[in-house]
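Hi,

Here is the structure I said I'd pass along.

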Amino acid sequence: MARGAVYDRGYRPYDGPRGGRRAAVLALWKASVRRAIGLRRTWRQKVLPFGLLAVVCIPAAVNVGIGYATRNSPLEGFSFFTYREYVGVSSSLLLFVAVCSPDVICPDRRQRVLPVIFARPLTGSDYVLAKLGAIGSIVFAFSFLPQVLLFVGQTLVSKEGSLAYVRDNAEILWQVPVAVAVLAVYYAALSLAIASLTPRRVVAGAAIFGVTIISSIVAVILEEADALSGRGTLFNVLALPLEVRDLIFLGHIHQDSDLAGVAGGGALALVTYLVVLGLSLGVLFWRYRWAEA
Amino acid sequence: MPRGLVGLVGANGAGKTTLFRLLLGLARPTEGTVEVCGHQVTADPIGARSRLGYMPEHDCLPLDQTAADVVSTLGEISGLPARAARQRASEVLDLVGLDEARFRPVGGFSTGMRQRVKLAQSLVADPELALLDEPTAGLDPTGREEMLALVARLATFGISVLLATHLLDDVARVCDHVVMLDGGRLVVAGPTETLLHQTGKFTVEVNAGIGRLTRALTERGLTVVAAGEAPLDGEAGGAIDVVVGADPEPVLDTIRDTLADLGLPLQRLTSRAASLDEAFMGGEL
């Protein structure tokens, strides 16, 4: 028979280094990222984020594959889509934020974890920044990685040579990260703001979908009725960041956009984008104002 | 408040949790100032919180995470480096008796185990002062004993404790000092021992002749009051309280001699110890 022994190892005071608010925000950001992409959780929680990452990478892989297969044929240089259009593919990550944003913010309220978080050296604003940073950085990474895959692949299969391809597409190197950041910050702020209004994940996820779908329908109705002379599309919260994307890539509103015929359409889109972003951030900070120092 | 184990006693709504919120800087005082471990809370709430550990009364744990993950993550949010937080989490979970269960999700824990995790997360950053809100709430007698034993040990580790409870017995058993609140106001504060014992009375209980004893002691210059509901006259048995002056010895001699002279059967002669309940109800000390 095995003999056990109980050892009372007592208590060792901690006299090592301690970080302040910055360390607290970083720790909360790390924990939220882990949670959102399912690390240290069951495989089921990993399916959605990594499945979506795989899905948004497929177009890049196909495009590069076609580029490689046709590089010595008359179809050489054929491309399914441009980098600008591929940023739009990342808007499918709305599905991701509709699930993950509620998951990183609602349980803290529902399971009443907030009091033990705010008993530590951080404020309500720090909490918001950590959560915003977590969702924003994941959306950025998941949108940016496929673009990197596409760019590296195109560079490698380019007939003119890698250096020539990079030189010819140098502007992509700043346009893509900026456009992706525009999308990531917007999706993170909007989805977290909506999720912060309820402690229930399911309700929050449905509300995120609801707001985007309803705003799209409203925009279509306004456009069809020609009520606002092409400005109805500004009510489409899903399309707004894509208008800003076009400003980054093209310097103006895309010709296919309903805003194309509107004087100052680009500025209007940018201002509306900033207003929605500002309102979302306002709601978020307001919801956690009670924990301000 | 002094260092060590301090009991914060009061009925529901007395202001215990509000006081904790004030100490954590999550509420602002309408007047006056709050100072915690040398930090003015209003001016420097972050500095104050970095010295505090907090165990809320209510559930406060993410149910789908393991105890080790919960405690180490909260340790990191307290400012510990990641590796140190993991090590401290392991140590404090060991300390509270959850060494083997720490890799299981909290959602599968019993109430007692969850209370231990809550205590562990409050200790993970080695606080100077731990604010424990009703740590024995919902525990069975064995669990309560174990939790009180853990709390009592904290002072030996150099961690001061402010233990909020409405269970006076818990405070009487583990705390050095007591602060009693009622409706947001201070009722009484002082060392537990003082509150328990300094009543300045002896209780004398006899099986018969309580009336004769009362008269005889009064004639000999002592002040006698009723102890409980029993009358001070008649030939039945009963108990009386005799007020003691600065020097109890002559009073005890007089009581002994009077009992002997009257030939009354003595059942009990004790120093009258007030319970914390009496101190709380009367605010008498």
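The centres of domain 1 and domain 2 of chain B, taken over C-alpha atoms, are 45 Å apart. Bear in mind that this is a predicted model. The domain assignment puts domain 1 of chain B at 5-195 and domain 2 at 198-273.

As for chain B overall, it has eleven helices and twelve strands. Its radius of gyration is 25 Å, well over the 19 Å that the globule rule gives for 285 residues, so chain B is more spread out than a compact globule. Along the principal axes, its C-alpha trace spans about 75 × 45 × 30 Å. Of the 285 residues in chain B, 42% are buried. If you take the contacts in chain B between residues at least 6 apart in sequence, 67% of them join residues at least 24 apart.

Now for where the two chains meet. Chain B puts 35 residues into the contact and chain A puts in 31. On the chain B side, helix 2 (45-49), strand 4 (52-55), helix 3 (67-77) and helix 4 (82-95) each supply at least two residues.

One helix pair to zoom in on: helix 1 of chain A (residues 21-36) packs against helix 3 of chain B at an angle of about 145 degrees, and their axes are 7 Å apart. From helix 1 of chain A come A24(A), A27(A), L28(A) and A31(A), which meet T73(B), E76(B) and I77(B) in helix 3 of chain B. In that helix contact, five residues are nonpolar, one is polar and one is charged.

Cheers

Key: Residues are numbered from 1 along each chain as its sequence is written. Chains are lettered from A and ligands numbered from 1 in the order in which they are written. This is a predicted model: local features need pLDDT of at least 70, side-chain atom pairs count only at pLDDT 80 or more; totals for chains, interfaces and linings use all residues. Two residues are in contact if their C-beta atoms, placed from the backbone, lie within 7 Å. Helices (H or I, at least four residues) and strands (E, at least two) are DSSP runs, numbered from the N terminus. Axes are lines fitted to C-alpha atoms, for helices over the stretch in contact, and angles run from 0 to 180 degrees between N-to-C directions. Ala, Val, Leu, Ile, Met, Phe, Trp, Tyr, Cys and Pro count as nonpolar, Asp, Glu, Lys and Arg as charged, and the others, Gly among them, as polar. Domain bounds come from an automatic or database domain assignment. The radius of gyration is taken over C-alpha atoms; the globule rule is 2.2 Å times the number of residues to the power 0.38. A residue is buried if 20 or more other C-beta atoms lie within 10 Å of its own, exposed if 12 or fewer, and partly exposed in between; C-beta atoms are placed from the backbone.
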